[in-house]
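Here is a short briefing on one protein model. Keep the sequence and the 3D view open as you read.

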Amino acid sequence: MGIKWRNRALPAALPALVLLAATGCVSSPGDPEAGPTAKSSTSGTRSVARVCAKPEAGPAKAPAGAVTVDPSVTGDLAAKTKSSPPNTVFWLGPGKHKLEQDRYAQVIPKEGDTYLGAPGAVLDGGKTNQYAFGGGARNVTIRYLTVEGFVAPQNEGVVNHDSADGWVIEHATIQRNSGAGLMAGARQQVRASCLRDNGQYGMNAYKTGDTVSGLVIEGNEIAANNTDDWERRQPGCGCTGGVKFWAVNGADVRGNWVHDNRGPGLWADTNNNDFRIEDNVLEANDGAALFYETSYNAVIRNNKILRNNWVEGRRYAERGDNFPFATIYLSESGGEPRVRARTDKIEIYRNVLENNWNGITLWENADRFCNSPANTSSGVCTLLVRQSDRCARPAITTAPLYADCRWKTQRVDIHDNRFVLDTSVVECTVKCDRMAVLANYGTYPDWSPYRGEQVAESITDKQHNRWHDNVYLGPWKFVAHDPSRVLESGQWQGTPYRQDAGSTFGPRAGG
């Protein structure tokens, strides 16, 4: 909609408590006996990636050979960057650093440049400058620096504004900016950083006319973004959340605390592929913890997912909408063996979902496909058919285009998860207790080959979407085929649906 197992070793740069399960300092998110993490209403506070509260300090003195940047000299950082050769190390002294008073004034790094903030070093845009760091230089590093007060326009970002490749952002605080705090290029690494209180996104992983590949987002705190409430300002824009991914091929998102964002916590929107989302705490986001839309091939495992979707789920329920708006929401997304990745399905396993508004919804819009006016990713086609105009009659009615012109929710394997719901905690009585696999009745446009119930029948029965070996605590219900079919667990397990073989259904949580 927008534009728009095991645990790996800790990188040397990360503090000891950044990653949850890897450090052993808290229970693993995949441990079914583990209590809630962070601010969960049913447990005490525990350590997570609390980067914002206690950021790691940078060097108090300039490293040997570094260029010292003086905060008392306006524009000193940009000027010294311009006059220095590539691969220079810059040390920003304690204090508030300013750029020239022009909205386009910014730092344009050269290839291999490194920027190190001293304790208390802040690069402040003064609500005048739009961008902090831009240009196309590769392999730039930013560490220990606070970047705040910049006013990037909608869908643009403050740090790495031009989505250059190979940047490393570590131990940074990027806060209280308009637009996105951070953009992303290929092979970008964002580690142990605080991305909070930005006007639109903490990070917008998008590169104009290109694919972002090899992205790593690890051990960060991503909190309270979308302060400008873009969905209210532009209803239906699909342009909000903690992190937005667009056309990212290969991403590892692990060990982060993503919480209290207005909108979704993580939103992968349109032709993303090969994601591993693991060992995160996704908590108290207004919308879905994870929205995976018109995208492919992902592993979602060992996450703790707590108290999400209370605001948006409740809003739709109070309007009388019976759609199962979910905490993990897969929309026209599935496994596709023909798209190269580390997996050929979407596998969701060993997660704990506790007291969220609804659980996992697998959805496929029958009217959304390449070249359809109902495709909100206008002009974009699937990764199997690059040109949208090929998806038209008569060719779309026959193989291979009939199958390949639409994004499919298929080959989704949901197993060994723990789903807990206490309606007294969520403060709901209806429509917050659902798992779902469904589609709408195809009606549009009039030349569509997907009209009627064929998509609903396919996603429910024919596209290898499967729940099994899960644990349920609480009054769970299940939706199949369309929103009107609300099932009890026995119906869900019985014919014709045959879902959740090997799963257990316990008493009401909290009861």
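This is a predicted model: local features need pLDDT of at least 70, side-chain atom pairs count only at pLDDT 80 or more, and totals for chains, interfaces and linings use all residues. Residues are numbered from 1 along each chain as its sequence is written, and side-chain values use heavy atoms, leaving out hydrogens and water.

**Overall build**

- The protein has eight helices and 37 strands. Both are DSSP runs numbered from the N terminus: helices are H or I with at least four residues, strands are E with at least two.
- Its radius of gyration is 23 Å, close to the 24 Å that the globule rule gives for 511 residues, so the protein is as compact as a globular protein of that length. The radius is taken over C-alpha atoms, and the rule is 2.2 Å times the number of residues to the power 0.38.
- Along the principal axes, the C-alpha atoms fill a box of roughly 70 × 55 × 40 Å.

**Surface and charge**

- Of the 511 residues, 60% are buried. Buried means under 20% relative accessible area, exposed means over 50%, and partly exposed lies in between (1.4 Å probe, protein chains only).
- The protein exposes about 18,600 Å², and carbon and sulfur atoms supply 48% of that area. Accessible areas come from the Shrake-Rupley method with a 1.4 Å probe; for residues, only the protein chains shown count as cover.
- There are 56 positive and 56 negative side chains, and the centres of the two sets lie 2 Å apart. Lys and Arg count as positive, Asp and Glu as negative; His and the chain ends are not counted. Each charge is placed at NZ of Lys, CZ of Arg, CG of Asp or CD of Glu.

**The open sheet**

- Eleven strands form an open sheet with mixed pairing, in the order β8-β11-β14-β17-β20-β23-β26-β29-β32-β35-β36. Its edge strands are β8 and β36 (486-487), each pairing on one side only.
- Two strands pair if DSSP finds at least two bridges between them.
- β8 and β11 (residues 180-183) run parallel and are joined by two bridges. V159 has L182 in β11 as its bridge partner.

**Aromatic pairs**

- The whole structure holds 22 aromatic pairs. Rings of Phe, Tyr and Trp (its six-membered ring) pair if their centres lie within 6.5 Å; planes under 30 degrees apart count as stacked, over 60 as edge-to-face and the rest as tilted.
- F291 and Y329 are stacked, because their ring centres are 4.6 Å apart and their planes are at 10°.
- F291 is buried at 8% relative accessible area, and Y329 is buried at 13%.
- F419 and W476 form an edge-to-face pair, 6.1 Å centre to centre with 65° between the planes. Both residues are buried.
- Ring pairs link W267, F291, Y316, F323, F325, Y329 and W363 into a cluster.

- Most residues other than glycine have a negative phi, and most peptide bonds are trans.
- The bond from R393 to P394 is cis, with omega near 5°. Another cis bond joins A399 and P400, with omega about 0°.
- P394 lies in the loop between β29 (360-364) and α5 (401-404), and P400 is found in the loop between β29 and α5.
- K127 has a positive phi of about 55°, and K127 counts as exposed because its relative accessibility is 54%.
- S163 also has a positive phi, near 55°. S163 counts as buried because its relative accessibility is 3%.
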